[in-house]
Amino acid sequence: MLLSRFWYIILAVAAAAAAAAALLAQSVINGRSDEALAESLGRDRTMVQAVLRLEARSRLDRIAFITVDAKLGGVLKQALGATDEKKLRALSAEAKTAMRGHIVRIVESAGSGASTIQKQELEPNIAFALDGSGRIIGQLGPLEANPPGASLATFPLVRRALQGYVRDDVWVYDRRVYRMAARPVMSGTEYAGAIIHGYRLDTGLPETLAKYLGGATVAFFQGAEVMSSYVPTDVTGAPQRAELAIALPPLLAGAKLKPGTAGEVIKLQGGGRAVFAPIAGNAAALGVGYAIARPRRLMSSPEQLFEQASQDDVRSLPVPQLGGGALLLALIGLLFVYVERDRHLSQLMKKTGDFSVGERDRLIVTE
C-alpha cells in the first residue's frame, strides 16, 4: 500500500495548500478592500471640496442681480459717512425692505414647479447690506433688531467685496456657522457697498453632499461637537453620528485637523473608516470641518468567496478542465488501490474459494 499512502499524503498536502490559498485570498482581498476604501475616502474628500465650490458659485450667481439694484445702491451710498442715528435707522429700514424684495426674487427664481421645501432652502438664513466702509446698514436674520452701525470691515470676505470682487467664505457668527457669499453693490459707476448673505452649515448640506458621494456618511463639526450629519439608511453598517463624535477629541488633541493638513483615514469604533478635514475658510481656525465615513467590508471566512461570486464569475470557470482534473486524480487513486490491494485481495479470495471446495489441500503463504 505504499503508492496509495503516498497518494493520500499528496492529496492531503494539496487540500492544505488549497485551504491556505483560500485563507491567503481572504487576507489579500481584505487588504485590497481597505486600500480601495482609503482611496474612495480620498476621492470623496476631493468631491466634497468640488461640490462646496460649486455650491458657493451657485450662491454667488443667485445674488448677481442685487449688485446693480439702484435702490439698494442709493441707500448704501447715502449711508457712507452718516453718523446720525435717526438717519441710519431710516436707511436701515429701506435697506431691509430692498433685501426682502431680493429674497422674494431669489425664491421666485426656483419656478412654479419647485416644492415648498426647495423654496425655503433658497431663503438665506442671514443677510447683510454694508456701506462702503463695511458698516452694517441693513441686516436680516439673527441680531437684525440691533441698531445699524456695527462694522464687518475686518473680515477678509468683506474687504474683498468692497473692493469689487465676488467671494465666498465660511463664518462663525452669533455662535453659528454660515456659508457666506458676498458681492459688491453698485451705485451708478461706483461701488457703494456690498451685499452678503449666508446659509447655516447645518441646513440640508450633509444630505446634499451624501447624494453626490453615494453610500457615505457626511457630517460637519465645530471643535468636538458634531453640528449636523446625514447617515444613509440604505447602506448596511453605515457609520453613525456617535462614532464620528467619539473619534473627534483624539484628533483635536493630536492637532491633526490644522488647515492645510491632509486628512488621514481614521478607524471608527464600529469598524468603519472616516476622513476628517478642516473646511476651507476663516471658520477653519475655529475648528470647523467636515467628516466623511464609509463602512468597512471584510470577508470573515473563505466561504464568502463563493457567496460573493457573481453568475458571470461562475460561468467563466473552466468547468470541463476542473471536472476532468478531479476525475483524473480520482482514477489515479483508484488505480493505486487496485494495484496494491484489490488485485491481491481478489486472488486471495479465489484461492480461498478453491480451498473451501477441496480443489486445493492448503493455502500457500507465498502466493
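**A hairpin, its sheet and the salt bridges around it**

In the hairpin formed by E3 and E4, where two residues lie between the strands, Asp-174 adopts a positive phi near 55°. This is a predicted model, in which local features need pLDDT of at least 70 and side-chain atom pairs count only at pLDDT 80 or more, while totals for chains, interfaces and linings use all residues. Residues are numbered from 1 along each chain as its sequence is written, and side-chain values use heavy atoms, with hydrogens and water left out.

Strands, like helices, are DSSP runs numbered from the N terminus (E, at least two residues, for strands; H or I, at least four, for helices), and two strands pair if DSSP finds at least two bridges between them. By that criterion E3 and strand E4 (residues 176-187) pair in the antiparallel sense over seven bridges. Within this pairing, Val-170 has Arg-179 in E4 as its bridge partner, and Val-172 stands opposite Val-177 in E4.

Turning to charged side chains, the structure holds nine salt bridges, each defined as a side-chain nitrogen of Lys or Arg within 4 Å of a carboxyl oxygen of Asp or Glu. Side chains of opposite charge can pair when their charged atoms come close. One of the salt bridges joins Asp-61 and Arg-57 (3.2 Å, N to O); because these residues are four apart in helix H1 (residues 2-62), about one helical turn separates them. Accessibility is classed by relative accessible area (buried under 20%, exposed over 50%, partly exposed in between, with a 1.4 Å probe and protein chains only). Asp-61, at 44%, counts as partly exposed, as does Arg-57 at 37%.

Asp-61 also meets Arg-183 in a salt bridge (3.9 Å, N to O), and this pair links distant parts of the chain, with Asp-61 in helix H1 and Arg-183 in strand E4, 122 residues apart. Arg-183, at 13% relative accessibility, counts as buried. A further salt bridge joins Glu-190 and Lys-77 (3.7 Å, N to O), connecting strand E5 (residues 190-200) with helix H2 (residues 70-79) across 113 residues. Glu-190 is partly exposed at 45% relative accessibility, and Lys-77 is likewise partly exposed at 45%.
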